[in-house]
Amino acid sequence: MSDKKIIIKTENLKKDYKEDGVVVHAVRGIDFMIEKGEFSAIVGPSGCGKTTLLNLISGLDTPDEGKVWLDGKLISDMSGKELSDFRRDNIGFIFQAYNLIPVLTVEENIEYIMLLQGIGKKERHNRVIEILEEVGLSGLENRRPTQLSGGQQQRVTIARAMVSKPKIILADEPTANLDSKTGTELLDMMAELNEKTGMTFLFSTHDKMVMERARRVVVLKDGMIVDKKEIDIV
Amino acid sequence: MLFLKMAFRNIFRQKRRTFFTALTMIGGFALACISIGWADGSYNNIIGMFTRGWLGHIQIHYKDYLDKPSIYKTIDNYNEIGKKIMEIKGVKSWTARVYSAGLASFKDKTSGVSIIGIDPEKEDKTTDFHKKIINGDYFKAGVKNQVLIGKGLAKIIKAKAGDKIILVSQAADGSMANDIFTVSGIVSTDDDLFDRTSFYMKLDDAREFLVLGNKVHEIAVTVDKLKEVKKIDKKISLVLKNTDLSVASWQEFAKDFYKAMKADKGGMWISLFVIILVVAVGVLNTILMSVLERIREYGVLKALGTRPGDIILLVLYEANIIAVFSIFIGAIIGFAVNYYLSLHGIHLSQSFTYGGMKFSEIMTEINLRSFIIPGITVLLTTVIVGFFPALKAAKTDPAKSLRFH
């Protein structure tokens, strides 16, 4: 793995939580790297620390110890405002529960990040139309999220994550709330978009379908990376 | 613009809650608007009645006459001064008066009286004096030695219109002044104490009786607008700057009354504070509930790169849209109620006495401040109270909110 191509790098990442007075070691010294343009997955059983690791990588959470570099920048040292701007410009999120803004239409949800970036109205509209076509939702731009099916909502989330052309897409269990047919369709679509755009995709999942498509799989157990062959779920 | 749009749509998500919040704000605004309109209306009405009833808005005397009244502390050339005063913009009218004390006798009854010499025509223009006559007639032109007496005095000496009264006093030249006067009418000023001694004579008769020549003791001035009293007071002082005369506005010569008015106005601010408190609690409750409900949404917004300041703005927009709408509706209600009460007033079943004057109805007033003060109050309260929930929303930890909500 050449250093030039590395887009995500963590070093001795640690994070503990306190739940009902009990300390939970969610992430216990993780070192790993992801290359630019990869379609990768962090896998493991529930509670193994996948989401926590993804949150630390994206800067949504701060590590107790260790460092995170994204695109060569040390994000674990950034201030709140710097981190907000960095996330806005470099990371796209796909959530398990879609997390669309209910009061905004499909178009407004998708253009939200571009608005924060200060991109002009015409440019925004063109990009929304283009990405809606790519995710197969053309003509639905004026609908509200509640007027869409789960699969359609997840497509809007994918469109929202990709439309501002971030370097990294972080997807937390994106197929968990979908039936297997819709899940497969969406994964194929994301794999296709990964090929086409060269954006780096990193999933947290225990979905076998994701692993089948992933070029790199990081297997977690009890907050640590383990050999993937040793995990039953794999 | 996007945040404004989101805020606007958010307020319709919990229609019932928005409705009750708006109702609290509308109620608060309208109550404050009516209470200020009412306070201003009644105070201005009371001040108007108090000053226009007898005192006038501005008075001119020999320099220390008010502290130590004396028949010798007089104003010379009062007609010339009056003419100069009338040239000042905003002055409505003026009148001259003389004062002294004496003994009035009718048949076997005698009572101490306050002799008040008034210019029948000017006094009527200044204080609507003829309206105070409850029995008999006002002074007739060209008839000498007519008097009007207070209803209390009439009761004491058992005199009525047409009766002849003997008046004894000391003139300015030291001689004993005495003459017979015919009661033309009985006067009631609603100030019972004053009416028990008041003995009104024509100014010319009084000056002659008291041997005052062309001198008077007081010039009372009324102005068109109450709020211009101090400005006009200064202008009159400028006109009289090289004389021994002093000029005083009603706030100075009726200090006790003015202090009582100010204290009463303080009470108005207390009721305004209570209204603010009610609005504040309502607003805080609503915003806090809506923030707590949407904590996951704020987490998503932060994850997408929304800055904390923008989230504060979003929450405050939401509260302030409701506030602006409520102010608009509250203003319509406040205006309608104040307008109605400014025309018809509130008739009191039992009249009350203030500053020696009897009041049987309260009028409201429509003025700009009765809209501006509640408007600013509601908006400021909303911003201040809304800021803390907004800060909570802005401080949302995206990782936690996405995990637990």
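Reply: Start at the turn of the hairpin formed by β1(A) and β2(A): two residues lie between these strands, and A:Asp20 there has a positive phi near 55°. This is a predicted model, in which local features need pLDDT of at least 70 and side-chain atom pairs count only at pLDDT 80 or more, while totals for chains, interfaces and linings use all residues. Residues are numbered from 1 along each chain as its sequence is written, chains are lettered from A and ligands numbered from 1 in the order in which they are written, and side-chain values use heavy atoms, with hydrogens and water left out.

The strands named here, and the helices below, are DSSP runs numbered from the N terminus (strands are E, at least two residues; helices are H or I, at least four). Two strands pair if DSSP finds at least two bridges between them. Strands of a sheet pair through backbone hydrogen bonds, either parallel or antiparallel.

Strand β1 (residues 6-19) of chain A runs antiparallel to β2(A), with eleven bridges joining them. Along this pairing, A:Leu13 is opposite A:Ile30 in β2(A), and A:Lys14 has A:Arg28 as its bridge partner in β2(A). A:Lys14 also stands opposite A:Glu65 in β4(A). That strand, β4 (residues 65-70) of chain A, is paired with β1(A) in the antiparallel sense over five bridges.

Chain A has another open sheet, with six strands in the order β6-β7-β8-β3-β9-β10 and mixed pairing. Its edge strands, β6 (91-94) and β10 (224-226) of chain A, each pair on one side only. On average, neighbouring strands of this sheet are turned by 25° against each other, direction ignored. (Axes are lines fitted to C-alpha atoms, for helices over the stretch in contact, and angles run from 0 to 180 degrees between N-to-C directions.) Helix α2 (residues 80-90) of chain A packs on this sheet and touches β6 and β7 (168-172) of chain A, its direction making about 75° with that of β6(A). Contact here means heavy atoms within 4.5 Å. Within the sheet, β3 (residues 39-43) and β8 (residues 200-205) of chain A pair in the parallel sense over five bridges; A:Ser40 has A:Leu202 in β8(A) as its bridge partner.

Last comes the partner chain. The contact takes 26 residues from chain A and 24 residues from chain B. Between the two chains there are three salt bridges; A:Glu108 forms a salt bridge with B:Lys5, the closest N and O atoms being 3.0 Å apart. On the side of chain B that touches chain A, α1 (2-10), α11 (295-303) and α14 (398-404) of chain B each supply at least two residues.

Definitions and conventions: A salt bridge is a side-chain nitrogen of Lys or Arg within 4 Å of a carboxyl oxygen of Asp or Glu.
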